[in-house]
Amino acid sequence: KLGLEVGKEEDFSRWYQQVLTRSDMLDYYDISGCYIIRPWAYHVWQTIQEFFDKKIKTLSVKNCYFPMFVSQRALEQEKDHIEGFAPEVAWVTRAGSSELDEPIAIRPTSETVMYPYFAKWIRSHRDLPLRLNQWCSVVRWEFKNPQPFLRTREFLWQEGHCAYIDKAGADSEARAILAFYKSVYEYLLAVPMIDGVKSEKEKFAGGLYTTTIEGYVPATGRGIQAATSHNLGQSFSKMFNVVVEDPNSPANANGDAAKLNVWQTSWGLSTRTIGVMVMVHGDDKGLVMPPRVSEIQVIIIPTGLTTKHTDKDRALVHNACLDLVSQLTKVDIRADADLRENYTPGFKYNHWELKGVPIRLEIGPKDLEKNSVLSVRRDTFAKASLPLENIEETIANLLETIQSDMLAKATRERDAGVRMVLSWDEFVPALNNKCLCYIPWCNTSECEDAIKERSSRAEVGDEPQDEKAPSMGAKSLCIPFNQPTNPPLVPGETKCIQCGNLATVYGLFGRSY
Ligand SMILES: O=C(C[C@H]1NCCC[C@H]1O)Cn1cnc2c(c1=O)CCCC2
Ligand SMILES: [Mg+2]
């Protein structure tokens with residue numbers, strides 16, 4: 001059966017799974033939480049990789065590869081970094097039929113893999129800055145229900161790890177990387193992001209601060225953490241003893257200079273990117289692929305051929321399709337033709353709509369007479385008859401228009417899903433209206449806990465716990481760099497909507513993935 005059996009608004013999680021499997025993006029695997037990434041999705045990941053890799057090379061970041069195995073000693077080098085996460089760590093305990101003397105962990109992230117070697121390699125300030133990145137997979141044995149691309153036990157990502165002589169170096173690089181992350185989503189995936197800093201409660205416990213980009217999924221009204229870039233401060237360099245001689249401090253009496261723990265950053269972006277793109281742009285006909293990341297940007301389909309037409313007519317139309325493919329390919333447009341004899345044009349339209357191909361071109365005998373082609377946009381279904389004259393430029397422009405229209409539409413929907421909430425009694429209704437909320441906030445962890453508690457479904461009245469309504473409370477997603485100004489938050493006057501103490505920031509809150 002082609003097409004989707006369930007609508008996006010009808011049953012979102014079933015829609016999401018069906019759109020992924022029926023578009024051949026992904027297949028389920030016989031180990032829970034693990035999925036097969038098929039070519040249609042893998043092309044998106046490779047496009048992101050090429051784009052991001054070029055960006056970090058402008059910062060002189062070098063790619064490398066560390067082992068996926070972590071010794072128990074290394075992993076537990078820093079207790080509080082790992083203790084919160086310990087249940088998620090997967091261990092190798094046996095090889096063949098023989099037990100290992102020591103269990104070996106599979107990396108859930110690579111701080112503890114890399115930093116002992118940072119300590120070994122960084123001996124002098126001249127060894128700084130050190131800027132490394134690796135493209136790899138990591139394993140986190142999550143117990144919450146898995147979701148393809150969004151929460152999986154193994155996922156592909158990149159993790160960057162850098163070391164600087166001072167805080168300023170770490171600050172500026174962390175922010176530069178965050179801007180690159182934002183452009184992955186906004187330039188490639190046509191998904192708008194809100195950037196900001198995580199609260200003390202939500203930040204990466206091992207670090208000084210976490211900057212983040214936060215997405216919004218209109219269909220569920222939930223926020224989603226899309227990528228993070230941390231200034232780790234000096235906590236990891238103290239744990240792992242990554243020290244240099246302080247170039248700015250004179251040697252003391254007996255000649256040895258002061259020691260300085262380096263300042264570090266770490267940053268990660270994963271295949272969650274693909275899930276966000278699907279959730280934001282997909283519709284009831286299937287995927288809607290942003291042109292910049294779609295393996296096929298234009299699909300050309302012969303049409304209008306009936307039994308009345310001769311084999312010659314058919315050959316003419318098929319050749320016109322193939323000519324068009326080569327014309328577009330010559331100008332780097334990723335075009336293909338679907339000349340399968342055993343499927344009707346209508347069947348093919350559904351198939352390529354399901355896969356979200358941005359433009360469909362229909363060519364038949366009549367079009368050849370008029371030297372034109374019928375184009376259909378996947379995002380709006382708008383049809384237009386296009387002259388074959390100068391078709392390359394026309395299609396190139398149409399692809400650009402689709403890319404920017406998709407971002408504009410997703411931005412309108414995101415803006416409609418984020419509200420200014422200036423009093424507590426508006427907060428939960430806004431969440432239940434699928435909105436994220438900017439709230440005047442005191443920025444304390446205990447208040448954050450109270451907000452989560454008071455906004456979880458159980459707390460609010462006793463309406464039936466229908467499985468769709470998220471029973472979770474609202475989390476703080478970020479303190480946006482771009483603080484709302486309407487109305488302005490008046491320091492010393494504006495109150496936190498939860499606890500009534502003075503508000504110091506606007507916080508972005510919402511139910512989230
Ligand atoms: O991974 C990070 C921090 C950092 N890691 C490198 C990329 C950027 C950033 O995510 C946080 N973190 C999340 N999840 C886990 C761990 C963990 O450190 C360690 C144990 C298992 C689960
Ligand atoms: Mg986690």
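**Charges, rings and strands in a predicted model**

In this predicted model, Arg153 lies over the face of Phe143, with 5.6 Å separating it from the ring centre. A second example of a charge over a ring is found at Phe481, where the charged end of Arg175 sits 3.6 Å from the centre of the ring.

Rings also meet other rings. A pair of aromatic rings is described by the distance of the centres and the angle of the planes. The structure holds 21 aromatic pairs. In one of them, Tyr117 and Trp121, the ring centres are 6.2 Å apart and the planes stand at 50 degrees, so this pair is tilted. Both residues belong to helix α5 (residues 111-121), where a spacing of 4 residues amounts to about one turn of the helix. Tyr117 is partly exposed, with a relative accessible area of 39%, and Trp121 is likewise partly exposed, at 42%.

Attention can now turn to charged partners. Side chains of opposite charge can pair when their charged atoms come close. The structure holds 22 salt bridges. One of them joins Lys434 and Glu9, whose closest N and O atoms are 3.7 Å apart. Here, too, distant parts of the chain are linked: Lys434 is in the loop between α13 (424-432) and β21 (436-441), while Glu9 is in the segment before α1 (12-22), 425 residues away. Lys434 is partly exposed, at 34% relative accessible area, whereas Glu9 is exposed, at 62%. In another salt bridge, the side chains of Lys348 and Asp338 meet at 3.8 Å, N to O. Lys348 lies in helix α10 (residues 345-354) and Asp338 in the loop between β16 (335-337) and α10, so the pair ties together parts that are 10 residues apart in sequence. Both Lys348 and Asp338 are buried.

Among the buried residues of α12 are Ile391, Leu398, Met406 and Arg414. Within this helix, Lys409 and Glu413 are 4 residues apart and thus separated by about one helical turn; the closest N and O atoms of their salt bridge are 3.3 Å apart. Lys409 counts as partly exposed at 43% relative accessibility, and Glu413 does so at 30%. Elsewhere, salt bridges with shared partners join Lys285, Glu353, Arg360 and Glu362 into one network.

Finally, the strands. Strands of a sheet pair through backbone hydrogen bonds, either parallel or antiparallel. An open sheet of 3 strands shows antiparallel pairing in the order β4-β6-β5. Its edges are β4 (69-71) and β5 (91-95), each with a single partner strand, so one side of each is left without a neighbour in the sheet. On average, neighbouring strands of this sheet are turned by 50 degrees against each other, direction ignored. The antiparallel pairing of β4 with strand β6 (residues 98-106) runs over 3 bridges, and Ser71 stands opposite Ile104 in β6.

Definitions and conventions
Residues numbered from 1 in each chain as written. Chains lettered and ligands numbered in written order. Predicted model: local features only at pLDDT ≥ 70, side-chain atom pairs only at ≥ 80, totals over all residues. Heavy atoms only, no water. Buried < 20%, exposed > 50% of the residue type's maximum accessible area, 1.4 Å probe, protein only. Helix = DSSP H or I, 4+ residues; strand = E, 2+ residues; numbered from the N terminus. Salt bridge = Lys/Arg side-chain N within 4 Å of Asp/Glu carboxyl O. Pairing = 2+ DSSP bridges. Axes fitted to C-alpha atoms, helices over the stretch in contact; angles between N-to-C directions. Phe/Tyr/Trp six-rings, centres within 6.5 Å; stacked < 30°, edge-to-face > 60°. Lys NZ or Arg CZ within 6 Å of the ring centre and 35° of its normal.
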